[in-house]
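Thanks for making the time this morning.

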Amino acid sequence: MEITEHVHALKIPFSLTTDSGIVVERFVYSYLIYGKDVCLVDCGVASSEQIIFDYMKRTGRDPVEISLIVQTHSHADHIGATPAIKALTGCEVAGHRNAVGWMEDPDLQFRERPIPNFSNLIGGPVKVDRVLEDGDLIELGEVLSLKVIHTPGHSEGSISLLLSPENVLFSGDAIPLVGDIPIYDDVEEVISSLKKLREIEDVKVLLSSWDDPVEGDDVYKEIDNAIDYVKKVHEAVLDFSSVSWERVLEDIGLKDVPLNPLVMRTFEAHLRTKKDIS
């Protein structure tokens, strides 16, 4: 769907099957920035290239116009289709320096962060052509540019991107969604990154990877709510982890969510951070 004059959003569905056989339906957003060429922000899971290419053709653009892929981070549901898109278009791939290792070696990612169905989500390794740092500016033709904002916590190499002059903020998975599974590796970094995003002035549209577009004043409410949610999870883990992990899930409103490796990874991050995170 068209978000602004230059930005289009693609909602890409996928599913995960837990070790107990429970199928969990998920989705992830990829974003197209239409300028003289096309910049793609994240690529979804393996085989998502067909969804992306079909959308481009319907909106009058040719997939070979993709000149750059910018990855908000290196997780499988964001880089799954990246190798295929790079091979088919010849585009460059950019990612934060702390994301390069897992992008170029998915086997390493799986060893360090095993998740269900990993092999079905990932399309293989991909070479990173442009290594990004906090504050870098990515020029997208004469008018558009992306400012790189390092927002770790969800992962070490997570970045957000601010598109000028439209003031569109792409946050990847940096902003936890209230009522959804909390997924991050470092609690203090999550809070710090959220506060950094909260300080950006005059954001017109917030484009997360796991939430629908948010506009206007609701952008800042979304970030504030995320900060409160992380604090709520922190309190629940410290208060109820000695009782049971199911009790923690119940306290944060996720009673029926299975206790999967990603949830446990988050809870363990909270256990490592016993101090006040306000």
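Let me begin with the second largest pocket, where the lining residues divide into two nonpolar, six polar and six charged. Please keep in mind throughout that what we are looking at is a predicted model. This second largest pocket holds about 230 Å³ of space, and of the 14 residues that line it, the ones nearest its centre are Trp102, Ser155, Glu156, Asp185 and Arg265.

Turning to the largest pocket, its volume is about 360 Å³, and its lining consists of 26 residues, with Phe14, Leu16, Arg26, Ile183 and Leu262 lying nearest the centre. By class, that lining has 16 nonpolar, six polar and four charged residues. At least two lining residues come from each of strand S1 (7-17), strand S2 (23-34), helix H2 (76-79) and helix H10, and it is S2 that gives the most, with four residues.

Helix H10 brings me to the helix pair. The axes of helix H8, residues 218-240, and helix H10, residues 261-271, come within 9 Å and cross at roughly 80°, and the two helices are therefore roughly perpendicular to each other. On the H8 side the contact is made by Val230, Val233, His234, Val237 and Leu238, while H10 contributes Phe267, His270 and Leu271. Sorted by class, this contact of H8 with H10 has six nonpolar and two polar residues, and no charged ones.

That is where I will stop, and I am happy to go back to any of these places on the screen.

Definitions and conventions. Residues numbered from 1 in each chain as written. Predicted model: local features only at pLDDT ≥ 70, side-chain atom pairs only at ≥ 80, totals over all residues. Heavy atoms only, no water. Axes fitted to C-alpha atoms, helices over the stretch in contact; angles between N-to-C directions. Parallel < 35°, antiparallel > 145°, perpendicular 65-115°, else oblique. Contact = heavy atoms within 4.5 Å. Nonpolar A, V, L, I, M, F, W, Y, C, P; charged D, E, K, R; others polar. 1 Å grid on protein atoms, 1.4 Å probe; cavity = no way out; pocket = protein on both sides within 12 Å on 5 of 7 lines; lining within 4 Å. Points joined across faces, edges and corners; volume = space filled by probe spheres on them.
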